[in-house]
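Please keep the sequence and the model at hand while reading.

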Amino acid sequence: MWGGRFAGGPSEVMAAINASISFDQRLHVHDIRGSHAHLDMLEATGIVSLPDAATIRGGLDRIEKEIAAGRFVFKPELEDIHMNIEARLAELVGPVAGRLHTARSRNDQVATDFRLWVRDEIDAVDAALTDAQAAFIEKAEAWPDLPMPGFTHLQNGQPVAFGHHMLAYVEMLGRDRGRFADARRRLNESPLGAAALAGTPFPIDRDMTAAALGFDRPAANSMDAVSDRDFALEFLAAGAITALHLSRFAEELVLWTSAQFCFVHLSDAFTTGSSIMPQKRNPDAAELVRAKPGRLLGAFTALATVLKGLPLTYGKDMQEDKEATFEAADSLMLAIAAAAGMARDMKPNKARLRAAAELGHPTATDLADWMVRRRGLPFRDAHRAAGALVAEADRRGLTLAQLPLDAMQAVEAEIDESVYDVLSIEKSIAARTSYGGTAPDNVRRAAAAARERFL
């Protein structure tokens with residue numbers, strides 16, 4: 001494979017550590033696509049003759065069909081997808097196959113293939129995230145006014161609408177899509193034509209190949225073009241943040257489906273049983289989504305470690321860029337699909353959510369706000385008075401709404417019967433009409449706006 005420079009072959013250990021075909025064969029579509037673009041440019045510039053180009057093109061088309069049909073034999077001794085395709089091309093069309101590599105190196109070839117793959121994966125992730133957003137929007141539209149507890153520190157804070165909670169995930173996934181879109185814009189420069197690291201003396205047209213492959217422009221510096229893996233790092237970073245968001249939802253499902261919470265029900269489609277306890281319904285899909293950030297964060301850390309301190313331009317270290325990225329992308333796509341599926345599958349337990357929203361005096365803030373609005377107290381004074389009333393309600397084993405008026409007036413004499421108008425869960429939720437708040441009409445408008453913004 002190396003021509004006249006080497007007289008002997010690699011050791012078995014060298015062959016094993018050097019080969020990447022076991023994982024980079026998934027780049028075959030992008031490698032052939034890049035070769036077609038390069039070949040068309042070589043033909044257009046007169047570097048390769050029309051007859052030779054036609055012969056090579058026919059060979060590439062045949063290889064593409066062989067791979068699609070599962071008849072292509074990937075050979076580890078040929079190291080990677082590039083040399084496997086090049087060797088098969090030579091078998092099919094003879095020595096003319098060697099002309100395809102004119103003005104090209106495996107360095108710019110792999111950089112191009114990998115960018116194309118990451119770009120396609122970003123597009124697939126965006127479509128999957130759009131579907132996940134749709135699942136949460138559907139739930140918000142279905143339950144714009146169902147009360148549930150809103151937590152801080154996993155303690156009841158204030159009541160919120162179930163639909164409002166669902167829309168929080170729509171916003172998170174929207175930011176995730178924005179990060180992937182930003183990464184896509186930055187990666188969309190073509191390394192092809194940078195050759196090994198210094199460019200080429202052949203009169204190539206890099207604008208032509210960039211356009212043919214859907215890139216915005218050729219990469220401006222040949223050394224950076226072959227050594228840059230920022231696009232993979234950004235993809236993994238965006239993926240890790242997305243996985244964290246999905247994991248937060250998954251953790252809530254683990255809690256919500258427990259007997260202690262019983263906020264929602266997941267069907268058999270997303271749960272499993274126990275080998276010993278017949279009654280169990282385990283939220284395994286949610287637990288596995290909850291675990292996926294480890295893979296994404298691990299892949300990011302692994303690639304960052306490979307690239308840290310790596311001198312320009314290309315080192316074989318960079319072969320380690322793909323396997324972890326491929327695995328991370330697979331894990332991310334599966335996690336998104338599982339999260340979207342569970343969002344659609346879950347059925348809220350209305351009675352349990354409503355009852356849980358009542359716990360822990362969640363309308364205490366409404367009481368303090370009422371004293372500010374109706375009695376003109378400074379909020380801190382109202383806060384102290386409301387806290388004293390919470391303590392009194394606890395002492396009596398009552399909710400704030402059940403506390404007698406005389407007990408309230410013993411703490412704050414100016415309180416009158418109209419205070420009870422703000423102490424119900426529904427009134428509390430309906431009062432949060434500020435932009436971004438949980439009032440049901442807000443939720444309905446926000447769901448419609450999210451459908452317009454994201455879907």
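In which helix is the place of His245?

## Basis of the model

The model is a predicted one, in which local features need pLDDT of at least 70 and side-chain atom pairs count only at pLDDT 80 or more, while totals for chains, interfaces and linings use all residues. Residues are numbered from 1 along each chain as its sequence is written, and side-chain values use heavy atoms, with hydrogens and water left out.

His245 has its place in helix α10, where helices are DSSP runs of H or I with at least four residues, numbered from the N terminus. With a relative accessibility of 10%, His245 counts as buried, a term that means under 20% relative accessible area, whereas exposed means over 50% and partly exposed lies in between (1.4 Å probe, protein chains only). Not counting residues up to four places away in sequence, His245 touches Tyr169, Met172, Arg175, Asp176 and Arg179, contact being defined as heavy atoms within 4.5 Å.

Gln319 sits in the loop between α12 (293-307) and α13 (320-345), and Gln319 is buried, with a relative accessible area of 7%. Residues up to four places away in sequence again left out, Gln319 touches Ile17, Asn18, Ala19, Ser20, Phe23 and Tyr314.

## Helices α4 and α5

Helix α4 (residues 50-69) packs against helix α5 (residues 81-93) at an angle of about 120 degrees, and their axes are 9 Å apart; the axes are lines fitted to C-alpha atoms over the stretch in contact, with angles running from 0 to 180 degrees between N-to-C directions. The two helices α4 and α5 are therefore oblique to each other, since angles under 35 degrees count as roughly parallel, over 145 as roughly antiparallel, 65 to 115 as roughly perpendicular and the rest as oblique.

On the α4 side, the residues that meet α5 include Ile56, Leu60 and Ile63, and their partners in α5 include Ile85, Leu89 and Leu92. Ala68 also lies in helix α4, and Ala68 is exposed, with a relative accessible area of 69%.

## Nonpolar cores

The largest nonpolar core has 95 residues, and Phe162 and Trp256 are those with the most contacts inside it; such a core is a set of buried Ala, Val, Leu, Ile, Met, Phe, Trp, Tyr and Cys residues joined through side-chain atoms within 4.5 Å. Helix α10 (residues 230-256) gives the most to this core, with 14 residues. A second, separate core of 20 residues includes Trp370, Ala385, Leu389 and Val422.
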